[in-house]
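Please keep the sequence and the coordinates at hand while reading.

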Amino acid sequence: MINTKKYLFILIGFLTAILYLHPASVLAEEAQKITVSYRYVDEDTGEVFKEQKRSTDKQAGESYEATPAEEWEYASSNNGLVEGKIKGEQGKTYMLDFEYPNNILKIECLSESSEENVIQIYYKAYHLMGYYTTYATVTYIDEDTDEIIEKKEMEVQCHSHFSYDIPFLVEDSRGVSYRYDSKNSKNEEIVSCTKENAFRNQIKLYYKKGKLGENEAVVSVYNEFLNENYYQKIFIEGLTVGADFYINYDSESIPSNNSSAYYYVWDLETEVVYIESLSRNLAENIIRMSNVKFPPGSEATEEVVKIEFIDADTGKAFRTARKRLDPGNQINYTAPNKLTADNGNVYYFDRDNKNNHLSIKVSKIEKGSDVYKTGNVIKAYYFTKKNPGDPAAVRISYMDSATGKLVRQEDKDGLIVGESYLHQPEESFKIGDVTYTYDQENAKNKLQIENLSGHPGKDEIVIYYKASVPDSNQNSDHDSKPNPPKVKKLAAPKKLQAVRTGTTKAKIMFKKVKKADGYQISYADNKKFRKAKKRSTGKTNIVLKKLKKNRKYYVRVRAYQKVNGAKKYGTYSKVKVIAKR
């Protein structure tokens, strides 16, 4: 009895403490806290695969809304977020279907009964095969009716670009043909970064009813972005079966959605930019190009290579192209057999033209280099076909028998394509003080063309003449004085070093260049060497003085030879920086 009383007193004391620390009003509030039921439903089977009870700080009569969570957000009872992706049983992964019509994400008026407060969300079940993968949906849509022509789902990697190989022609289940409308502003052709939830990875393509015309050709252009591992597909319409196609490209940047720049680069192995004869079969009309993205502020390391397609008759380029390629690459260019110019003229590659320049080694273009003025240039010469009876002309070239050099050139017109022409050379002519006399015995003379093509660049008469020595003592190309020997350009000095030895001094050192008589050192406080100072020396090390304090300098060196009293300079070395001090 004593023990019973003892335990009774302890219980009464415990209850008193609870009431003291937790007033009745709080207990009543906890009892009245609103609860919301979350039901997760498989949209294919209608089964509830998960159910949750979540409490809320809102009161009865207030509205309540659940929000689909982004991938990085944690969906919990505290913030009312709904998971976009849920791992299920038997290898299933459930993805929230945002657009499902039966979703209930909002309760207009909360009830005190939790059974009446229901959030109901529909999910689609997927079986993912790869690690960290998801799904993407591709939908073909009739742009006139907004009806779905076809829908496809495919497994893709999370957080990556997703490029879809868009078909130009599709058919619906009834066999109705559609062609892609690439100009429709509602097209969503690329997923720039795939999300974990499949319903956020949507590609939507709009089509209009129609087929290819009888002689219509369409070209598919694949623009591949190498350092971002995706491509963009472009269709070029309005072409004709049997015509040639050459895509004009340039080294200028491609418009992008940010401040980064894109440049075409020359992928010698995979690039295709020319189709000699277009087909009605779209799979045969494929163009492939490569691009590289450069972050803001960075510069391309590749050099520009210019391709000139030249009219052999006029010597003028009717089309040019530019690509970028790393220095040191060897290019053996294959010129297109046939090209149509913008004015409609059809040109054919002149394989035998001696001026073709198709093989080059890409050089770095910097001031003082061999290609500084000309650049890296490929030249291909073309002619237009003419029919018998069309007007024709021949080109007459007068050559110096002793030097092999061209001294005069002219075109003779008034001839006819398909006919023969025999030229009667003039016995002599004079240029300045030099008299040229016909060299009848020279075996290189070419005086007749059997079948005129109509192209002066191809139909050439070549005549050799002997030059007389002028009576005066003035020096000329044909004077008795020997021509000065040709001097090979000196190489650039190697292993240039620039070390600051004081606040106003720097020591310059480099390797000796063979056959050099001296060296010229150029230095400036800017990369472009504006207002650069120059010093000549016979030594391979020298101290620069009177440099400005706390200023960075740039320095380069080139060797020179003395030829007939004049300095012949070689190529500049690489630029080195003299650090601040």
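## A five-stranded open sheet

In this predicted model, five strands make up an open sheet in the order E2-E1-E9-E7-E6, and their pairing is mixed. Strands here are DSSP runs of E with at least two residues, helices are runs of H or I with at least four residues, and both are numbered from the N terminus; two strands pair if DSSP finds at least two bridges between them. Strands of a sheet pair through backbone hydrogen bonds, in either a parallel or an antiparallel sense. Strand E2 (48-56) and E6 stand at the edges with a single partner strand each, so one side of each is left without a neighbour in the sheet. Direction ignored, neighbouring strands of this sheet are turned by 30° against each other on average, where the axes are lines fitted to C-alpha atoms (for helices over the stretch in contact) and angles between N-to-C directions run from 0 to 180 degrees.

Strand E1 (residues 34-42) and E9 run parallel and are joined by six bridges, with Arg-39 having Gln-120 in E9 as its bridge partner. Strand E7 (residues 93-96), by contrast, pairs with E9 in the antiparallel sense over four bridges, and Tyr-94 stands opposite Ala-125 in E9. Eight of the nine residues of E9 are buried, so this strand is largely enclosed by the rest of the structure; buried means under 20% relative accessible area, exposed means over 50%, and partly exposed lies in between, using a 1.4 Å probe and protein chains only.

## Conventions and overall composition

Residues are numbered from 1 along each chain as its sequence is written, and side-chain values use heavy atoms, with hydrogens and water left out. As this is a predicted model, local features need pLDDT of at least 70 and side-chain atom pairs count only at pLDDT 80 or more, whereas totals for chains, interfaces and linings use all residues.

The chain has two helices and 44 strands, and of its 581 residues 40% count as buried. Among contacts (heavy atoms within 4.5 Å) with a separation of 6 or more, 62% are between residues 24 or more positions apart.

## Nonpolar cores

A nonpolar core is a set of buried Ala, Val, Leu, Ile, Met, Phe, Trp, Tyr and Cys residues joined through side-chain atoms within 4.5 Å. The largest one has 33 residues, of which Phe-309, Ile-331, Tyr-333, Ile-378 and Tyr-382 touch the most other members. Several strands each supply at least two residues of this core, among them strand E17 (216-225), strand E22 (286-294), strand E23 (303-311) and strand E29 (376-384). Apart from this core lies another, of 20 residues, including Val-170, Val-191, Leu-212 and Phe-235.

Not counting residues up to four places away in sequence, Ile-331 touches Trp-266, Val-305, Leu-325, Leu-358, Ser-359, Ile-360, Val-362 and Ile-378.

## Cysteines

If a disulfide is taken as a pair of cysteine sulfur atoms within 2.5 Å, the count comes to zero. The cysteine sulfur closest to that of Cys-158 is in Cys-193, at 9.1 Å, which is too far for a bond. Cys-158 is buried, with a relative accessible area of 5%, while Cys-193 counts as partly exposed at 33% relative accessibility.

## Loop residues and a hairpin

Glu-83 lies in the loop between strand E5 (81-82) and strand E6 (85-87), and it is buried, with a relative accessible area of 16%. The side chain of Glu-83 makes a polar contact with the side chain of Tyr-40 at 3.1 Å; such a contact is a pair of N or O atoms within 3.5 Å, where within protein one must be able to donate a hydrogen and the other to accept it, and residues adjacent in sequence count only if both atoms are side-chain atoms. His-127, placed in the loop between strand E9 (118-126) and strand E10 (133-142), is partly exposed, with a relative accessible area of 43%. Leaving aside residues up to four places away in sequence, His-127 touches Gln-90, Gly-91, Lys-92 and Tyr-135.

Strand E33 (residues 428-431) and strand E34 (residues 434-438) run antiparallel and are joined by four bridges; Ser-428 has Thr-437 in E34 as its bridge partner. E33 and E34 form a hairpin with two residues between them, and Gly-432 in the turn has a positive phi of about 65°.
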